[in-house]
Amino acid sequence: QPRDPYLRQRVLDLRANNKSADWIASHLNVPKRTVYEWCRGQRESARVDLESYCVQLESIADDLGEPRLWDLAVLIKKAVTEMNV
């Protein structure tokens, strides 16, 4: 599995722009399995970040006593949960 961070970022950018894993694998000479692994890892990292941001948002909402921030935190939690499906 290639370890080049530039190549990994290029793969992620192409997937974000709706290029297929097959296309990326053939054009960048990267195994398709690697493309999927890198994308899966990126999604997991994003989920962890969102969960962390949600905890911070809940803390701010609690400090300020602002119900709209709590509503936003609930929506973010729901979205994170749905990403795990």
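## Basis of the model

The model is predicted: local features need pLDDT of at least 70 and side-chain atom pairs count only at pLDDT 80 or more, while totals for chains, interfaces and linings use all residues. Residues are numbered from 1 along each chain as its sequence is written, and side-chain values use heavy atoms, with hydrogens and water left out.

Helices are DSSP runs (H or I, at least four residues), numbered from the N terminus. Two packed helices are described by the angle between their axes and the distance between the axes. The axes are lines fitted to C-alpha atoms, for helices over the stretch in contact, and the angles run from 0 to 180 degrees between N-to-C directions.

## Helix 3 and helix 4

Helix 3 covers residues 32–64 and helix 4 covers residues 67–83; their axes come within 9 Å and cross at roughly 160 degrees. That angle makes helix 3 roughly antiparallel to helix 4 (angles over 145 degrees count as roughly antiparallel, under 35 as roughly parallel, 65 to 115 as roughly perpendicular and the rest as oblique). The crossing is left-handed, a term used if the near helix is turned anticlockwise from the far one by less than a right angle, with clockwise giving right-handed.

Contact (heavy atoms within 4.5 Å) involves residues of helix 3 including Arg 43, Leu 50, Cys 54 and Leu 64, and residues of helix 4 including Leu 69, Trp 70, Ile 76 and Met 83. The residues of this contact comprise 13 nonpolar, no polar and six charged. Here Ala, Val, Leu, Ile, Met, Phe, Trp, Tyr, Cys and Pro count as nonpolar, Asp, Glu, Lys and Arg as charged, and the others, Gly among them, as polar.

## Helix 1 and its partners

Helix 1 (residues 5–16) has its axis within 10 Å of that of helix 3, and the two cross at roughly 80 degrees. The two helices are therefore roughly perpendicular to each other. Leu 7, Arg 8, Val 11, Leu 12 and Arg 15 of helix 1 meet Val 35, Trp 38, Cys 39 and Gln 42 of helix 3. This contact has six nonpolar, one polar and two charged residues.

Helix 1 also packs with helix 2, at an angle of about 145 degrees and with the axes 10 Å apart. Their crossing is right-handed. On helix 1 the contact uses Leu 7, Arg 10, Val 11, Leu 14 and Arg 15, and on helix 2 Ala 21, Trp 23, Ile 24 and Leu 28. Seven of these residues are nonpolar, none polar and two charged.

## Cysteines

The structure holds zero disulfides (pairs of cysteine sulfur atoms within 2.5 Å). Cys 39 counts as buried at 9% relative accessibility, and Cys 54 counts as buried at 3%. Buried means under 20% relative accessible area, exposed over 50%, and partly exposed in between (1.4 Å probe, protein chains only).

Most residues other than glycine have a negative phi. Asn 18, in the loop between helix 1 and helix 2, has a positive phi near 65 degrees and is exposed at 71% relative accessibility. Asn 29, in the loop between helix 2 and helix 3, has a positive phi of about 55 degrees and is exposed, with a relative accessible area of 70%.

Ser 59 is placed in helix 3 and counts as partly exposed at 38% relative accessibility. Ser 59 and Ala 73 are 14 residues apart in sequence and 9.9 Å apart in space, C-alpha to C-alpha.
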